[in-house]
Amino acid sequence: MTPRLILILGDQLTHGIAALRAADPARDIVVMAEVMAEGSYVPHHPQKIALILTAMRKFAAELRAAGWRVLYSRLDDPETGPSIPAELLRRAAETGVAQVIATRPGEWRLIAALEALPLPVTLLPDDRFLCSDAEFAAWAKDRKQLRMEWFYRDMRRKTGLLMEGDKPTGGQWNFDPENRKPAASDLLRPKPLRFAPDAETEAVLDLVEARFPTHFGRLRPFGWATDRAGALQALQHFLTQSLPRFGDEQDAMLEGDPALSHSLLSPYLNIGLLTPLEVCQGAEARYLQGHAPLNAVEGFIRQIIGWREYVRGIYFLEGPGYTARNALNHAAPLPAAYWGAPTQMACLRAAVTQTRDMAYAHHIQRLMITGNFALLAGVDPHQVHVWYLEVYADAYEWVELPNTLGMSQFADGGLLGSKPYASSGAYINRMSNYCRSCRYDVKQRVGKDACPFNALYWDFLARNQRKLAPNPRMALPYRNWDKMPEEDRTAIREQAARFLADLR
Ligand code: FAD
Ligand code: DLZ
Ligand code: SF4
């Protein structure tokens, strides 16, 4: 029987992935390629590139050990082509094998490139996700509004996670009201598991250092797991050490404690070293054995079978055009502070510094610090999107774009979420300890010491009143704005204008 080329991409490192299930080790040839194009179509954080390349090398070794023939191209091989399509054409010419089977990539960009190849290419659905495109489209069809909470309930029913018959465990679908607690410093809080680089990882770190010297972000210290065994260890560590406090500390932010009780599992989930169902079943088991409370376990599972699946559904439902959305017509450039330029805003400095050093920030830092500030400052959502895609170890367009453009920048006009995640300094002060060490005063709205989030928040509301005021969920802030004396409103808007002018 004619052999086929089986393409495995850097975020498809799962032994049970569709393309491998459709292939036969005795007949087919696996193709894996480290290419400059994937590391630089946006300049990814060096830790992300190092994670992917090391994990690809280890995965290829596992495939060979399992009996597969693998053609593996290293970035430093002189024959390696510049891109995935170039590598497939080279391997096709070299082997005389023309037909390609791949699992559909997670970015429209690469789907288009594979479909444009002058070779017969079969793209199989990526069934590592719990909800297929067809299922999501059927769910979304005829709904006036898409809301994660309704989708999530269907995913609970589908997976049976935290279900007692057709009822949710504990009698409620969502325990978030118990979760939004500010964090308290705790020197004994368990830290996420980090891994000292082995020789293979060190070799890749040197390669990445040499090939991507200008990318934003520190490569070392590098502490990510780079194979499934390591990712499983990280999962067990999270389940036993941090999961019990996950719910309580989910929305909190603390100077000097970048992870709190978050899992840091997204880079492993997104490249396929862990599967969403095994992670959620692990968490559910901790609840059933009495080791973790329901608010923590339900909250954690919701992030994965709810938010993660929901944003992916939106990405593929909306198509490549979603990237261009800009419902609020924002056009300002991304401030230099996002690239590490000095800023006196303690919260922004902490989030960006941590991002530079770890390629990681937790959800509330991404949403309510860097995302919120870009939203209030009217930054072009496309620039914000590219920044998030560049700087995080877990960033792939299918998950990053809806989170950034939809959830954080409201650039889709409310398709993904019901209202903008905009807040003044008061929210950051309530949920973090950043304000204590900040040069600005979170209680002031105007004056040289005033927290920039305050004037910017009201200015954002005023600027967008026509578009946002009809939204019932925005009624309260607009009532407060309208009640403010005229001279206060003028002073706030002047303060915001001065701050934005200085920023630019
Ligand atoms: P935990 O807090 O421990 O959560 C557990 C898991 O739930 C995560 O590992 C992740 O797989 C999943 N999850 C949680 N929230 C979300 C969400 N909103 N969407 C999808 N999955 C979620 N996540 C990415 O994986 N890649 C991205 O590129 C990305 N970009 C984001 C950009 C913005 C502007 C925002 C607001 C959020 C973004 N997120 C992204 C979602 C979320 O911030 C990260 O998944 C989370 O911070 C990863 O850290 P963790 O593993 O410690 O998560
Ligand atoms: C992110 C990434 C990087 C940095 N490098 C490679 C690579 O060299 N080879 C590869 O196959 N995949 C890489 N990836 C992952 C791809 O960018 C990812 O598969 C697409 O963005 C689709 O999600
Ligand atoms: Fe951030 Fe304002 Fe608090 Fe400073 S005062 S840390 S700028 S919220």
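Are Phe 373 and Phe 499 buried or exposed? Both residues are buried, where buried means under 20% relative accessible area, exposed over 50% and partly exposed in between (1.4 Å probe, protein chains only). The model is predicted, so local features need pLDDT of at least 70 and side-chain atom pairs count only at pLDDT 80 or more, while totals for chains, interfaces and linings use all residues. Residues are numbered from 1 along each chain as its sequence is written, chains are lettered from A and ligands numbered from 1 in the order in which they are written, and side-chain values use heavy atoms, with hydrogens and water left out.

A pair of aromatic rings is described by the distance of the centres and the angle of the planes. Rings of Phe, Tyr and Trp (its six-membered ring) pair if their centres lie within 6.5 Å; planes under 30 degrees apart count as stacked, over 60 as edge-to-face and the rest as tilted. A search of the whole structure gives 25 aromatic pairs. In one of them, the ring centres of Phe 373 and Phe 499 are 6.2 Å apart and the planes stand at 85 degrees, so this pair is edge-to-face. Phe 373 belongs to helix 14 (residues 363–376) and Phe 499 to helix 21 (residues 486–503), so the pair ties together parts that are 126 residues apart in sequence. Helices (H or I, at least four residues) and strands (E, at least two) are DSSP runs, numbered from the N terminus.

The rings of Trp 458 and Trp 481 have centres 5.9 Å apart and planes at 15 degrees, so the pair is stacked. This pair links distant parts of the chain, with Trp 458 in helix 18 (residues 452–463) and Trp 481 in helix 20 (residues 475–483), 23 residues apart. Both Trp 458 and Trp 481 are buried. Arg 489 lies over the face of Trp 481, at 5.7 Å from the ring centre; a charge sits over a ring if NZ of Lys or CZ of Arg is within 6 Å of the ring centre and within 35 degrees of the ring normal. Lys 48 is placed over the face of Tyr 396, at 4.3 Å from the ring centre. One aromatic cluster is formed by Phe 216, Tyr 338, Trp 339, Trp 387, Tyr 388 and Tyr 392.

Helix 7 (residues 148–159) has 12 residues and reaches 16 Å from its first C-alpha to its last. This is close to the expected 16 Å, the expected span being 1.5 Å times one less than the number of residues. The buried residues of helix 7 are Met 148, Glu 149, Phe 151, Tyr 152, Arg 153, Met 155 and Arg 156. Their cover includes helix 6 (133–140), strand 6 (163–164), strand 7 (167–168) and helix 12 (294–318), with contact meaning heavy atoms within 4.5 Å. Gly 160, whose phi is positive, near 75 degrees, follows helix 7.

Most residues other than glycine have a negative phi, and most peptide bonds are trans. Asp 142, in the loop between helix 6 and helix 7, has a positive phi near 65 degrees and is exposed, with a relative accessible area of 73%. Leu 264, in the loop between helix 9 and helix 10 (266–271), has a positive phi of about 55 degrees, and at 6% relative accessibility Leu 264 counts as buried. A cis peptide bond, with omega about 0 degrees, joins Arg 220 and Pro 221. Pro 221 is in the loop between helix 8 (199–211) and helix 9 (228–249).
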